[in-house]
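Me: I am new to this structure and would like to learn how to read it. Could you take me through it, one feature at a time?

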Amino acid sequence: MSAFQWRSVSGRRLLACVFAFSLALTLLSVAVAVYIDYRNVSRNSNYLLQQIEKGYLPALAQSVWSFDIPQVESQLKALTHFPYIRYAGLDIGNGEYLSAGFMDNATAAGDPVSHLPTASQEWLREFDLYYNTGTGSRLVGQLQLQLDSPAMLQQVMANIPTLLVMHFVNILAVSAFLLWLLNRLFRRYFGAHWQSITDWAERGDIRTPVHLEYGPEEDDELIQVTRTINDLCAQLQQIMAERDRSDSELHQLNCDLEQRVEERTGELNNAIASLNHLIDNLQESRHEQVENEKMAQLGNLVAGVAHELNTPLGICVTARSYIEDSVLLIQQRIKEGKLDKNTFSAQLNNISEGLLLIDENLNRSHRLVRTFKSLAVDKESDFRSRFSLDEFLQEFAGNNEDFIVEENNCRIDYDISQPIIMNTCRQTLGLVIAALIGNSLDHGYPEGGDSHIQMHATVDTTDNLLTLIYEDDGIGIGDEVRQRIFDPFFTTGRSRGKTGLGMHLAYNLVTRILYGNIEVRERRQGAENPGAEIHLRIPLDLDRYERTMDEQGLKLVINNH
């Protein structure tokens, strides 16, 4: 039997690793070879251009100076016969442009190179033609040559298959030789020991130790593994003996079970006696948890404020530096006596633009600070009161003129299934409705047009819940936006100066002060327009809600104990 089975899982895995390593090394070596070929081709093309500049341009300048147009055209055509040159153009001034060959993306024959896209100009070389008149050199035109980049790349790519095959065969041969040498060394030094361990594993008898034949001075890894296996077998036999003793002790443990049950019953009685103390601790823990959540929200808010204010304040600092440079330039010109009207007017315009930037961004910072202050609303900032939901929504529907964006009217309608009297924070609920309307007007109608907002209210007196469905007829809310709409500082209108705090403020007010939840839904099938649909569920009576929560918390503690 072979010391190492190449058809085994380990053998196949080793062969796969060798093949993958050979392939990766082949690709790397071929990439290096292709890069070297490309550098050589590029170097040859540059050398060719240098030779043309030294030996060919003087003759072309002589023809242009003599205004020998046929000779110039012949010389341009000869240039296109050089390797890697596909186009030659000559601008001789006065709007005259001669060319030979063809150029990529050219709009028509004879077009100036300046009309070409940037990609075509990357392989373009320009040379000024000077003619020596005896008294000096005069510029007679400008030569433009475009290299044949597809031909250069094709020359490099043509060698890739040959390089791949050659490198892969060489590397695979070296790898195969190394594998063969490794197998020979393994069979020579570890073959017998490995066979003994394999035979013992196939028998699966832990009572028979593994026997290896080795001299007194031999102590390799396989011998150490064998000793460890024999020690483990001895330990397993000892464990089996202890298991038999444990079975005899199990009966005694069963006898003690009844006594332990009685002791556990006594412990449960003591736990019930300490229940009142645990309830007090639970109230304190709840208060601490609320405080910790406030601190976490505060940390996120501070980071967001710093991020939002950084842009306008950074622009102000840049504008101030811009103004300072203009003032220093004016002072320097006055000191040197070189201040003219044009310079003074230009610098005054720069200063005016800088001051305008500072004014706009300071106003933006002021608006951001005003928005951030709205996030500081807490439970003590609004008191609870009893009011009619119909009268409350009428305040929004009856003041449509307050919601106009770029002279586009906003119509607000509502319907209520029955008269509803609420006991909650009226001002907070008003802020939530205003935030929803503002979000619709800011993001729901990017192309303008009149807007229509509807609110439907239903009540479940048994569960003490009010469900308010808010809908508009805008463009709707996509899946990606719906998943992050309540995140602080997330907005799709960043370019229009939006901060992304409106819906986050609404979420905090609903969940932390009104003890409800808010959810953005997908519009139902068959709706006239995509629009936005938001469901708001809040307690109808906050006092009743808090009493219910206290009772449920007490029952939960009792059930857990």
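Predicted model: local features only at pLDDT ≥ 70, side-chain atom pairs only at ≥ 80, totals over all residues.

Me: What percentage of the residues count as buried?

Reply: Buried means under 20% relative accessible area, exposed means over 50%, and partly exposed is in between (1.4 Å probe, protein chains only). Of the 561 residues in the protein chain, 32% count as buried.

Me: What share of the contacts join residues at least 24 apart?

Reply: Contact means heavy atoms within 4.5 Å. Taking contacts between residues at least 6 apart in sequence, 65% join residues at least 24 apart.

Me: Now to pairs of helices. At what angle do helix H2 and helix H3 cross?

Reply: Axes are lines fitted to C-alpha atoms, for helices over the stretch in contact, and angles run from 0 to 180 degrees between N-to-C directions. Helix H2 (residues 57–65) and helix H3 (residues 69–79) have axes that come within 8 Å and cross at roughly 155°. Angles under 35 degrees count as roughly parallel, over 145 as roughly antiparallel, 65 to 115 as roughly perpendicular and the rest as oblique. H2 and H3 are therefore roughly antiparallel to each other.

Me: Is their crossing left-handed or right-handed, and which residues make the contact?

Reply: A crossing is left-handed if the near helix is turned anticlockwise from the far one by less than a right angle, and right-handed if clockwise. H2 and H3 cross in the left-handed sense. On the H2 side the contact uses Ala 59, Leu 60, Ser 63 and Val 64, while H3 brings Gln 71, Val 72, Gln 75 and Leu 76. For classes, Ala, Val, Leu, Ile, Met, Phe, Trp, Tyr, Cys and Pro count as nonpolar, Asp, Glu, Lys and Arg as charged, and the others, Gly among them, as polar. This contact of H2 with H3 has five nonpolar, three polar and no charged residues.

Me: Is Ser 63 buried or exposed?

Reply: Ser 63, which lies in helix H2, is buried, with a relative accessible area of 7%. Leaving aside residues up to four places away in sequence, Ser 63 touches Asp 68, Gln 71, Val 72 and Gln 75.

Me: What does the pairing of H11 with H13 look like?

Reply: The axes of helix H11 (residues 426–443) and helix H13 (residues 502–513) come within 9 Å and cross at roughly 150°. These two are therefore roughly antiparallel, and H11 passes H13 in a left-handed crossing. Their contact has nine nonpolar, three polar and no charged residues.

Me: How does H10 pass H11?

Reply: H10 passes H11 in a right-handed crossing. The contact involves Phe 392, Glu 395 and Phe 396 of H10 with Arg 426, Leu 429, Gly 430, Ile 433, Ala 434 and Ile 437 of H11. By class there are six nonpolar, one polar and two charged residues.

Me: Finally, a loop: where is Gly 500 found, and which residues does Gly 500 touch?

Reply: Gly 500 is in the loop between helix H12 (479–484) and H13, and at 13% relative accessibility Gly 500 counts as buried. The C-alpha atoms of Gly 500 and Phe 489 are separated by 4.0 Å, although the two are eleven residues apart along the chain. Not counting residues up to four places away in sequence, Gly 500 touches Asp 487, Pro 488, Phe 489, Phe 490 and Thr 491. Pro 488 lies in that loop between H12 and H13 too, and at 35% relative accessibility Pro 488 counts as partly exposed.

Conventions:
Residues numbered from 1 in each chain as written. Heavy atoms only, no water. Helix = DSSP H or I, 4+ residues; strand = E, 2+ residues; numbered from the N terminus.
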